[in-house]
Protein chains: 2
Amino acid sequence: MSMREQMRSLGDRVTKAATAAMAEGARSAIPNEIMSAGVIIALRPRQRLAFSREEDLVYLVTAGVLEVDTAPRPNARQIVDLYYRGDLVRSRYATNLPGMNLIAASRAEVLRISGRKLDALMATHPEIASWVDCNLARQVPRRQLHLATVGSLSGEERVASFLVELALRIGEAGYENSRTFDMPLSRTDMAHYLALNADTLSRIMSRLRQAGVLGTASRGRAYTPSLPALTALTPLADTIRSVHGTGTA
Amino acid sequence: MSMREQMRSLGDRVTKAATAAMAEGARSAIPNEIMSAGVIIALRPRQRLAFSREEDLVYLVTAGVLEVDTAPRPNARQIVDLYYRGDLVRSRYATNLPGMNLIAASRAEVLRISGRKLDALMATHPEIASWVDCNLARQVPRRQLHLATVGSLSGEERVASFLVELALRIGEAGYENSRTFDMPLSRTDMAHYLALNADTLSRIMSRLRQAGVLGTASRGRAYTPSLPALTALTPLADTIRSVHGTGTA
DNA sequence: CTATAGCTTTGACAGGGATCAAGTGACGCA
DNA sequence: TGCGTCACTTGATCCCTGTCAAAGCTATAG
């Protein structure tokens with residue numbers, strides 16, 4: 001599959017995902033009031049979104065993956081957060097970490113709402129308020145899991161953990177235990193997310209491929225012949241499953 | 001000062017801190033309604049607090065430091081969060097990370113409220129609702145800073161960052177640029193917080209002491225002759241200041 | 001006061017990951 | 001078709017940090 005075809009099919013997935021989310025989201029249905037109160041924005045890879053404490057904007061990810069990255073020092077970056085489909089991002093909560101950006105990891109789509117408008121919706125609709133609260137609360141465990149991953153696992157374990165996370169969250173089940181999934185992050189971004197060097201990450205990926213737990217699909221796409229084999233490589237498997245797993249996983 | 005005297009004076013600080021917080025908190029005044037709705041609990045070092053998603057409890061730290069730690073694997077721990085005076089901790093947001101505990105890092109004091117009661121207060125008093133929201137929102141940047149510290153800084157930089165954090169948050173200014181502050185975490189806990197080995201941490205602390213940026217105070221207490229010298233050791237100084245610094249810093 | 005366990009410090013050593021460098025392949029542009 | 005750019009891969013090397021071990025120190029119990 002050429003890159004162009006792949007982009008197109010990704011585009012298809014994007015619009016399909018948006019409509020599916022509007023009808024009934026995979027995880028918890030996105031309220032129609034929110035969908036109709038905002039504007040859909042299509043994002044190209046690496047496109048930045050306005051993200052400061054001053055203007056109070058809220059983004060709802062409808063397709064693709066967003067990332068928040070920061071530059072703790074010149075020539076170094078750290079991705080502190082990933083946002084998947086269904087996640088809410090509010091710029092008011094942005095930190096004053098140096099060089100902080102909210103950008104699309106790959107082709108993505110968001111719904112933009114003003115914070116003021118969302119607040120108004122929450123005030124008049126209690127069910128929306130609780131939906132928003134629940135949405136934001138669900139992000140806390142993910143951040144803690146991320147920290148525990150970066151802080152206490154070896155390089156290989158970190159990579160395996162992230163692959164399991166992707167397989168569970170955006171993967172599609174194939175025959176037996178195999179899973180296919182997009183790789184929404186570039187190698188560099190993935191390295192920054194896992195607090196690894198890009199070179200080291202590449203080596204680890206090669207090792208996993210040689211070991212047979214990771215197969216090469218097309219570019220920007222990965223698959224694992226056996227999810228349990230991949231899962232066995234991370235000590236945090238149970239936690240990842242409970243944080244990122246769907247009902248089917 | 002003997003250990004016994006020190007403990008006693010620490011106890012004095014605890015009760016004084018609680019009353020000070022009740023009167024007017026150092027950062028943002030704790031609403032009287034919350035103070036009178038809960039129960040004060042004195043905590044011994046290493047004392048665990050009930051912390052599960054099932055029973056919805058809320059703790060307000062009135063003195064000392066609480067820590068949330070987890071065991072990503074057997075014989076390894078990672079402290080994912082620190083709570084200082086004035087911070088709210090709600091057990092409902094507890095993750096299902098393996099072996100997760102909320103414990104007092106050292107002698108501490110909390111106000112315990114049931115989540116139900118706090119919700120009722122928030123419903124009837126809008127100013128309390130916004131105080132709580134603001135309190136929780138302030139914790140987001142701290143977690144991101146923590147992740148950036150662990151993920152992208154060297155061992156020495158991490159330690160320096162944490163020392164600056166302590167100096168700014170709980171330190172007392174001395175002559176010139178010197179600062180004295182409690183060390184609320186044991187070496188082991190500090191190592192787990194910074195994702196370092198306890199041995200390595202000890203080595204780094206010794207190095208800092210030899211370099212003269214860290215002086216030897218009594219046990220459980222530290223001081224730096226020059227806060228700027230310490231600050232120069234971390235590339236995240238500005239962020240730490242904006243997240244942990246008081247108006248006076 | 002003593003015994004014991006836990007915490008901290010320090011040394012020797014090995015290993016994992018960072019760094020530097022070169023090479024390969026894919027894509028966009030002329 | 002050729003070229004420049006960028007992302008990715010792979011190798012060689014170095015150093016920071018983890019591991020293991022031993023000793024000193026502190027606190028708590030008896």
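Start with the two protein chains: 30 residues of chain A are in contact with 30 residues of chain B. This is a predicted model.

Stay on the chain A side of that contact. Select β4 (66–73), β5 (76–83), α5 (139–152) and α10 (237–244) of chain A; each supplies at least two residues to the side that touches chain B. Which of these gives the most? Helix α5(A) does, with 11 residues. Now colour this side by residue type. You will find 17 nonpolar, 10 polar and three charged residues.

Next, show DNA strand D. It has 18 residues around it, and R187(A), S206(A), G155(B), N197(B) and T200(B) come nearest. Select α7 (187–193) and α8 (198–211) in chain A, then α6 (155–170) and α8 (198–211) in chain B. Each supplies at least two residues of the surface near DNA strand D. The largest share, six residues, comes from α8(A). By type, the residues of this surface are four nonpolar, eight polar and six charged.

Now move to the sheet in chain B. Four strands form an open sheet there, in the order β1-β8-β3-β6, with antiparallel pairing. Its edge strands are β1 (39–43) and β6 (88–90), each pairing on one side only. Neighbouring strands are turned by 30 degrees against each other on average, direction ignored.

Zoom in on β1(B) and β8 (residues 108–114) of chain B. Five bridges join these antiparallel strands. Pick L43(B): opposite it, in β8(B), stands A108(B).

Last stop: helix α3 (residues 115–124) of chain B. This helix lies across β3 (57–63), β6 and β8 of chain B, and runs at about 75 degrees to β8(B).

Terms used:
Residues are numbered from 1 along each chain as its sequence is written. Chains are lettered from A and ligands numbered from 1 in the order in which they are written. This is a predicted model: local features need pLDDT of at least 70, side-chain atom pairs count only at pLDDT 80 or more; totals for chains, interfaces and linings use all residues. A residue is near a molecule or strand if its C-beta atom, placed from the backbone, lies within 6 Å of it. Ala, Val, Leu, Ile, Met, Phe, Trp, Tyr, Cys and Pro count as nonpolar, Asp, Glu, Lys and Arg as charged, and the others, Gly among them, as polar. Two residues are in contact if their C-beta atoms, placed from the backbone, lie within 7 Å. Two strands pair if DSSP finds at least two bridges between them. Axes are lines fitted to C-alpha atoms, for helices over the stretch in contact, and angles run from 0 to 180 degrees between N-to-C directions.
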